[in-house]
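Me: I would like to know what stands behind the labels used for this protein. Take me through a few of them.

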Amino acid sequence: MRIARLFTENFRGIRQATLLLPKHGVLIGDNNTAKTTVLEALDLALGPDGVDRAPSISERDFYNGHYFNRPSAVAAAGEIGEPPRIRIEVVIVDLRLEQRARFGHHIEFWNSATNRLYDMPNPAGADAASITRALRVTFHGWYKEEEDDFEGKTYFSSSLTEAATPKQFPRKDKQLCGFLNMRTIRTGSLALSLERGSLLDIMLRLKEVRPQMREDTLRILSGLTVANDPALGVSPVLETMNTARNKYVPKEWGVKPHLRVSDITLEHLRKVVTAFIAISDGERTAPFYRQGTGTINMLVLAMLSQIAESRQNVAFAMEESKTAIPPYAQKRFIHKVRKLASQTPFTSHSPYVLDGFTPEDTVVLARDAKGALTQREIELPKTVKPKRYRKEFRRVFCEGLPARRILIAEGPTEASAFPVAYRRLAELDPEAYFSLEALGICTVDASGEKNLAGMVKLYRGLGKRTFAICDKQDGDNEAKIKPQVELLLMHKEEGFENVVIKGTTRPALERFSKQIDWPPHILWNCPDLSANLVDALGQYLVCSKGIGAIADFLAQCDEAEIPAWIKEAATLLKDTCVLPPPQAGYLAPADEQAHSEANIDAPY
């Protein structure tokens, strides 16, 4: 079983989106891009435990919180339209024989070559190699004004148009599809509890042992009394209460008050029963959720493997599976889950997780100010060979893939120096300057001017806001870079070292010269450092490109000692990323409003 396509409308931060999902892939994007929303949309449509939540949706699940037609909007439109609905449609392919037999009347056909449903009036065409059987289900969520409540149900999509009464896609059918949405925060805290949807709950249902366990537990707890020992002082007080009551009412109204654990019900039991695990090699035990986070996550993996073996065909959607797991275990985790499941859509920011997926299996998500969510594929430019992409992925590429804004630096010197310089400026004058991190800008090293245009094109093609910083370029290279960036920060010196040396002050150079270990060849060339300080430091910065010498120098400067060009570049970046708040009574143009909404996460 595999989810081929997801259509989402009016759900949380997504006004509309159509996504094609790989068999084993990772969804990446900056925070609040809607990665979690995508997985929870799948869970609403396919998750077997959603039906236990009443209601399964709330007003917060509607795009912009708009869940009914407001009177003002109706009056402006002049007519009463359909109330807003959440609509989530899922196309499932690679169906097993059991699924084909059960859903036979609702089976459609999917063309994997065009990624569309095959609906041509030519039955023979369905025999093509690219055509496969598919099941389409749709979740509808709406507000029932007459009951002042919300409703959410999943239907067979074909019945929504072909039948007088839509046919629901019930829990049993969802269980047969085998979709599980694993959220780190919820899954880790509830994995070994009996709450609905926990991993232990799923395993017990598969093994059909839960009814007997519940009844035995409730029977034991119902007869368990506490504080019966008169020495504790509780039972004498209760007996005094009983004697006093007998003066006013018949004894049939209630006798022998005593304390028990609780008026526990099945719902209470789900919430309070949890597994205990021994700590290290000792006999002392603690609830599983008190174990280390990494231990809990590996325990979750073990439980997932048991569920996969029981169901044989299950899709695991996993959010931020890397949490608290060391790098070697992250790679093991991803490899194991992919082998266990029929499909695994992950979300992650970890380079060790992202490194486990090819560019074809990496879905880069971007959401605009109007709630349209789109996906992009990683298309490597000619200057970035697949070998280089794999080799330098963790060091160069993966940090920029989830980010919204990218500053592509010509080389390692600029890539290390600019974040430090901007951070230092923000410390010295937080009103005038922002750090790159505060602007939401990720710095990426292009590893040379020949690669700069290709790297800019790569990130621009992924829908990122791109900026570049470099030495003076020749006409052809500048012409390739400029159309791909919002802002080109290009100084006129032959090297960035000259920008720093010429733009700073003598005291700053002298102070830095006392902090470094001078290489012997520079001391040989410049025996009198005081007289040849500028030349000596110029040589030092050139030969120390790879170790962040300029970044170290800028980190110890005050504002007046940081070169003017760097401060001007910092101001330009801030002005480009952060729009000033509109003046009172001023209505910004539509494109400026969209730009402002797109930057709501930037600091003011």
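Reply: Start with arginine 12 and glutamate 40, whose side chains meet in a salt bridge. This is a predicted model, where local features need pLDDT of at least 70 and side-chain atom pairs count only at pLDDT 80 or more, while totals for chains, interfaces and linings use all residues. Residues are numbered from 1 along each chain as its sequence is written, and side-chain values use heavy atoms, with hydrogens and water left out.

Me: Why is the pair of arginine 12 and glutamate 40 called a salt bridge?

Reply: The term requires a side-chain nitrogen of Lys or Arg within 4 Å of a carboxyl oxygen of Asp or Glu. Here the N to O distance is 2.2 Å, so the pair qualifies.

Me: What parts does the pair of arginine 12 and glutamate 40 tie together?

Reply: Arginine 12 lies in the loop between β1 and β2 (14–20) and glutamate 40 in helix α1, so parts 28 residues apart in sequence are tied together. Helices (H or I, at least four residues) and strands (E, at least two) are DSSP runs, numbered from the N terminus.

Me: What makes glutamate 146 exposed?

Reply: Its relative accessible area is 66%, so glutamate 146 is exposed. Glutamate 146 lies in the loop between β7 (131–144) and β8 (149–156).

Conventions:
Buried means under 20% relative accessible area, exposed over 50%, partly exposed in between (1.4 Å probe, protein chains only).
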